[in-house]
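Subject: Structure for your records

Hello,

The structure is below for you to open beside this email. My notes on what was found follow it.

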Amino acid sequence: MSSKWPENLGEAMIIKEKLLMGPGPSNCPPTVLKAAANPLLGHLHPDFCVIMDDVKAGIKHLFQTENELTIALCASGHAAMEATLVNVLEAGEKVVIARNGIWGDRAADIASRAGILVAMMNGNPGKSFSTEDIEEFLAKEKPKAFFITHGESSTGVLQNLKGIGSICRKYNCLFLVDSVAACGGVELKMDEWGIDVLYSGSQKVLSAPPGTAPISFSAQAREAIKNRKTAVQSYYLDVEILGRYWNVDNQPRFYHHTGAVTNIIALREALSFISSKTLEQSWKRHKNCQKKLHEGLKELGLELFVENEDDRLPCVTTIKVPGGVEWAKVTGLMMQNDTIEMAGGLGPTAGKCWRIGLMGYNCTEANVEKVLWSLKKALESVGYLSQIETF
């Protein structure tokens, strides 16, 4: 082992700006980056506590909830998924997980590691689940909780959540929702739709740096936590203790961990940025940009992976890679020539699709035009458009 530091650490970092039009992270508004450059504060400093309170209030409006236990984890959306499952469920209890992409697989993996019994409701990767199928499965399995992904970013599917909450109530099970890739870009009403646990991620539609995860627990979910026979297996993700750090229920602040001060400050600014418009305006903008993108892709002779228009997630569009085209060569050319990121597929779409993200700050008609222009050039370079009339 060398006694010297690696030489490259002495070199200045050079990070070129890129247009991140993949499924996340998205680019941050300049105001968010500027906010992240603020001086550090102590994680229990009164000034930081005010910022934490602002974040709680912003998440409540974003989620459309009055839940008192509404906070931001100092971790990614994966941690929020784990916090959701290991707080309301104990080893030996059953959860039904709706799987039509990679996030159902991840949820099942997390639950199984915690000793939670998983009943997998398998669906089609290109389609959403019907309320009829969900009710039939819950009636058969009788689980303590039902988990579903609102915006399946690996396949580009949007799940309609309306009506599922009442079905879960009918079968006395908690309704758990992953909205990492959808929240802020599509209609979402936690309380009205009977969602018991809802979480998202900072780096998607919120356009904040990765590393914080908004999450909220209903009164029913908190009752389930209160009635546990065993302690939550993860101290770091025990949301009742975390709630004390976030001054939930007006409890005195409690040192739980050193909060990610800079990331929380950036999240507060991101919530401020999105609050300049109504949620309805944000939902409409994402839908309009999705329409423009899909029209442009059609002109390029490309086919969408999700067939049913109502099942298409505005925030992430999946495009079938045409036969004979190397998907990675196209994305590589877009990055090399135009510094524009378009991602390949993930999970069920790996090697089969491209994924274009329209999220938050990046969701503009100008950016749609840029990514279509770059994609067109890349397809021409690989010879795909030689026989196709394009715009």
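A salt bridge here is a side-chain nitrogen of Lys or Arg within 4 Å of a carboxyl oxygen of Asp or Glu. By that rule, the count between domain 1 and domain 2 is zero salt bridges, while the structure holds 17 salt bridges. This is a predicted model, in which local features need pLDDT of at least 70 and side-chain atom pairs count only at pLDDT 80 or more, whereas totals for chains, interfaces and linings use all residues. Residues are numbered from 1 along each chain as its sequence is written, and side-chain values use heavy atoms, with hydrogens and water left out.

Domains

The protein chain is divided into domain 1 (19-24 + 278-388) and domain 2 (30-275); the bounds come from an automatic or database domain assignment. Between the C-alpha centres of domain 1 and domain 2 there are 28 Å. The contact (heavy atoms within 4.5 Å) takes 25 residues from domain 1 and 32 residues from domain 2.

The size of an interface is often given as the accessible area lost when the parts come together. Between domain 1 and domain 2 the buried area is about 2,200 Å², and carbon and sulfur atoms give 66% of it. Buried area means the accessible area (1.4 Å probe) that two parts lose on being put together, summed over both.

Ten residue pairs are in polar contact between domain 1 and domain 2, both residues being at pLDDT 80 or more. A polar contact is a pair of N or O atoms within 3.5 Å; within protein, one must be able to donate a hydrogen and the other to accept it, and residues adjacent in sequence count only if both atoms are side-chain atoms. On the side of domain 1 that touches domain 2, the elements that give two or more residues are α10 (279-299) and β11 (316-320). The largest share of that side, four residues, comes from α10. Helices (H or I, at least four residues) and strands (E, at least two) are DSSP runs, numbered from the N terminus.

The annotated residue

Which residue does UniProt list for "binding site"? The unreviewed entry gives Arg355. UniProt positions are in the numbering used here, feature names are shortened, and annotations may be inferred rather than shown by experiment. Arg355 is in strand β14 (residues 353-357). Arg355 counts as buried because its relative accessibility is 8%; buried means under 20% relative accessible area, exposed over 50%, and partly exposed in between (1.4 Å probe, protein chains only). A polar atom of the Arg355 side chain lies 3.0 Å from the backbone oxygen of Ser153.

Salt bridges

Side chains of opposite charge can pair when their charged atoms come close. In the pair Lys60 and Glu68, the closest N and O atoms are 3.7 Å apart, and Glu68 is partly exposed at a relative accessible area of 31%. Glu93 and Lys144 form a salt bridge of 3.1 Å, N to O. This pair links distant parts of the chain, 51 residues apart: Glu93 is in the loop between α3 (77-88) and β3 (94-99), and Lys144 is in the loop between α5 (131-141) and β5 (145-149). Lys144 is partly exposed, with a relative accessible area of 23%. Glu187 and Lys189 also meet in a salt bridge, at 3.5 Å from N to O, and Glu187 is partly exposed at 30%.

Asn247 is in the loop between α8 and α9 and is buried, with a relative accessible area of 18%.

Backbone points to check by eye

The peptide bond from Gly24 to Pro25 is cis, with omega near 5°. Pro25 is in the loop between β1 (19-20) and α1 (30-36).

Two residues other than glycine have a positive phi. For Gln64, phi is near 60°; Gln64 is in the loop between α2 (46-63) and β2 (69-73) and is partly exposed at 29% relative accessibility. For Asn250, phi is about 55°. Asn250 is in the loop between α8 (239-245) and α9 (261-274) and counts as exposed, at 67% relative accessibility.

Regards
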